[in-house]
Amino acid sequence: MFLQRFFRFFSKDIAMDLGTANTLLYTRTHGIVINEPSVVAIDVQKNAVLAVGAGAKEFLGRTPQRIRAIRPMKDGVIADFDVTREMIAYFVRKAIDGLRLVKPSMVICIPMGITQVEKKAVIDAALLAGAADVSLVEEPMAAAIGADLPIHEPLGNLVLDIGGGTSEVAVISLGGIANAQSIRVAGDAMNLAVQRYMRDVFRMDLGENTAENVKKILGSAMPQANAPALEVSGKDLVQGTPRVVTVSEGHIREALREPIQAILETVLRALEKTPPELSADIYRNGMLMAGGGSLLKGLDQFIARETRLKVFVDKEPLTTVLRGTARAMLDRRAYHSVFIN
């Protein structure tokens, strides 16, 4: 026990939000030190990593044949184990300064609906990347902790976390998840919906980064006053030549209608299966929204209208999950019930 405490004193504890779209790291001494896209660029001829994170994202759609820009996470889980391990190792090295006497202890948040095999893959990837031990926390629980919800009290707390790969709804009470629903429709699905709409309506092919930028600028769930129009560049599917079209907020709202409806139905299913006493708490207290997808304009108003609940978006929704994961890491005794391994 003494040796364990001795080495923990010198170790660099790390909290990680290993997301489909972005990976964030928090250290005990420096706070949030990494917030970069979950992308790795690889030279396939030399089998060497060329870039990770923000630098690698610039490669998407622009690489020659010998270079691949890979998103190793898909729908919140590991799609490419070796590349994920390389990505975690890179971010850990970047996060930790100076000499390490011992390997870091890591707390990683994961989606609720993943299998035991997928959980093991996350743990194994982190261990092979240099972690001494790995603890797991489910993302909605981490979001609730990060938003300062009273998770230990006998009250129903409703959380909707919309990330890059998954949208998850959870009712939390007495330090545990009383009811939950998960769907693999989130930010990435919205990007694909924009690309599909542009192909079907404008006969134009958009790159992944362009579709994401269009979503961020024009995307909405409810009509927006004084919304701008945007000139969007892509490739004409008929002639194969470069092309520019003018797209309105209404176009992109229609493009996003299907994924938004899928997320709403997930919330409604969770409410339907919630016990009456917890439902009464939720009606009084409302629902927390977190994750990058919660920043979609008008989404909170749309869900509030359809569910008749008060809906509030966390003050910093992009970091809510990581802040909660870090808090659990810093006070393991108080949050011992949230660790699932």
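The second largest pocket holds about 300 Å³ of space. A pocket here is an open set of points on a 1 Å grid over the protein atoms alone, where a 1.4 Å probe fits and protein lies on both sides within 12 Å along at least five of seven lines. A volume is the space filled by probe spheres set on the points, which are joined across faces, edges and corners. This is a predicted model, in which local features need pLDDT of at least 70, side-chain atom pairs count only at pLDDT 80 or more, and totals for linings use all residues. Residues are numbered from 1 along each chain as its sequence is written, and side-chain values use heavy atoms, without hydrogens and water.

**Second largest pocket**
- Its lining (residues with an atom within 4 Å of a point) has 17 residues, and Thr 20, Lys 74, Asp 75, Asp 188 and Leu 192 are the closest to the centre.
- Helix H6 gives the most to this lining, with five residues. (Helices are DSSP runs of H or I with at least four residues, strands are runs of E with at least two, and both are numbered from the N terminus.)
- Six nonpolar, five polar and six charged residues make up the lining. (Ala, Val, Leu, Ile, Met, Phe, Trp, Tyr, Cys and Pro count as nonpolar, Asp, Glu, Lys and Arg as charged, and the others, Gly among them, as polar.)

**Largest pocket**
- The largest pocket has about 740 Å³ of space.
- Among its 39 lining residues, Ala 21, Asn 22, Gly 292, Gly 293 and Leu 318 are the closest to its centre.
- H6 gives the most here too, with four residues.
- Its lining has twelve nonpolar, 17 polar and ten charged residues.
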